[in-house]
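Keep the sequence and the 3D view side by side.

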Amino acid sequence: MTHAMLKGSNVPLQATTVRAVLRWTPGQGVPDVDASALLLGPDDRVRSDEDFVFYNQPRHPSGQVWRLGKKRVAEGLTDTIQTDLSGVEPSVGRILLVASADGVAFDRVTWLRILLYDAAAADAEPLAYFDVKPETGQETALICGELYRRGEGWKFRALGEGYSNGLKGLATDFGISVDESEGADDPMSAPRPDPAPPAPAPSDPSAPSQSTPDQPTPAQSVSAQSVSAQSVSAQPVSAQSGSAPPVVGPDQPTAVQPLPEVSRPLPPEQPTGVPAQPAYGYPQQPAAQPGYGYPQPAAGRSGYGYPQAPAAAAVTGAQSGYGYPQPVTGAPDPDFRLPPQGPQFLGR
């Protein structure tokens, strides 16, 4: 069962060999983290400088505490300290597990966690874990936890105590002598031998292989050609030759050019209707008005005391005579004979 621990809590350890793993998430601007251990005597101080296990002194002289180094795992980067608790000298009462960030504040370290494993159990779940969070964010070194004796056994306590003066200041507080004089042989001032391992190369066979800048890969050449084709097709029509039509890709619709405007003459102005002019000397006949008490004739005005001429006379435009029929216009009838005029004209 894995114990999720809070700051100040503790858990007993049944394992004799414990692996303490510091794990964090790398990223842009995230510093490299180093794991180290301090073996403290009865007075809570180191017995000598040899009780300091770190990157330039990775193994304790007793051989019971050593640093395994850094690894890259699926969750991020790790740095590990392993301890054989059964062989630790009786004068050692506490073992501090420390994380340092090489002079960079821990507010830039994301998801820092310490996990405890039973080193004798392969592929086992962690015994406990503690998410280490700095209190001020300006800490450059942190005591993540400690292994300490309790009777005949050992326990682990989650601490999370920070130092703003780095790993050197923390080690000095617990009795490590740091000679800062010129020319002194200080193991802490030596360069760190094992930086974080680089990310592994992708195992995908379809990933493009690396090449020199002067020799692009085939995939890059194809993409460069496609970019060139896109730039040609993206040119405006005005930049292309007037005799050649614009380049149109297979997925681009052909642009519809608008028809040129043609000026057409306006239709001739139609003359307005000519109103009827009045006859010379005669007033215009108004529309027929109803007679008072008498029906209106079919057409024209009624003659005074005489019947109206037939419709044919109206058609031909002949005016009615007063009491006599209208003469017939046109060519004379050849068969026309006058009627007898009286007995005096009859032949004897």
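**Spaces, strands and cores**

The count comes to one cavity of 30 Å³ or more. A cavity is a set of points, on a 1 Å grid over the protein atoms alone, where a 1.4 Å probe fits but cannot get out. Grid points are joined across faces, edges and corners, and a volume is the space filled by probe spheres set on the points. This is a predicted model, in which local features need pLDDT of at least 70 and side-chain atom pairs count only at pLDDT 80 or more, while totals for chains, interfaces and linings use all residues. Residues are numbered from 1 along each chain as its sequence is written, and side-chain values use heavy atoms, with hydrogens and water left out.

The largest cavity has a volume of about 40 Å³. Its lining (residues with an atom within 4 Å of a point) consists of A20, L22, A35, S36, I81, L97, V98 and I114. Strands β3 (17-25), β4 (34-40) and β8 (94-100) each give two or more residues to this lining. Strands here are DSSP runs of E, at least two residues, numbered from the N terminus.

Now turn to T80, in strand β7 (residues 76-84). Is T80 buried or exposed? T80 counts as buried because its relative accessibility is 7%, and buried means under 20% relative accessible area with a 1.4 Å probe, protein chains only. Leaving aside neighbours within four places in sequence, T80 is in contact (heavy atoms within 4.5 Å) with R19, A20, V21, A35, W66, R67, L68 and G69.

Strand β6 (residues 65-73) runs antiparallel to β7, and eight bridges join them. Two strands pair if DSSP finds at least two bridges between them. W66 stands opposite Q82 in β7. The two strands, β6 and β7, form a hairpin with two residues between them.

The largest nonpolar core has 37 residues, of which I95, I114, L147 and F156 touch the most other members. Such a core is a set of buried Ala, Val, Leu, Ile, Met, Phe, Trp, Tyr and Cys residues joined through side-chain atoms within 4.5 Å. The largest share of this core, four residues, comes from β3. Apart from this core lies another, of 17 residues, among them F54, A141, I143 and F174.

Key:
1 Å grid on protein atoms, 1.4 Å probe; cavity = no way out; pocket = protein on both sides within 12 Å on 5 of 7 lines; lining within 4 Å. Buried < 20%, exposed > 50% of the residue type's maximum accessible area, 1.4 Å probe, protein only.
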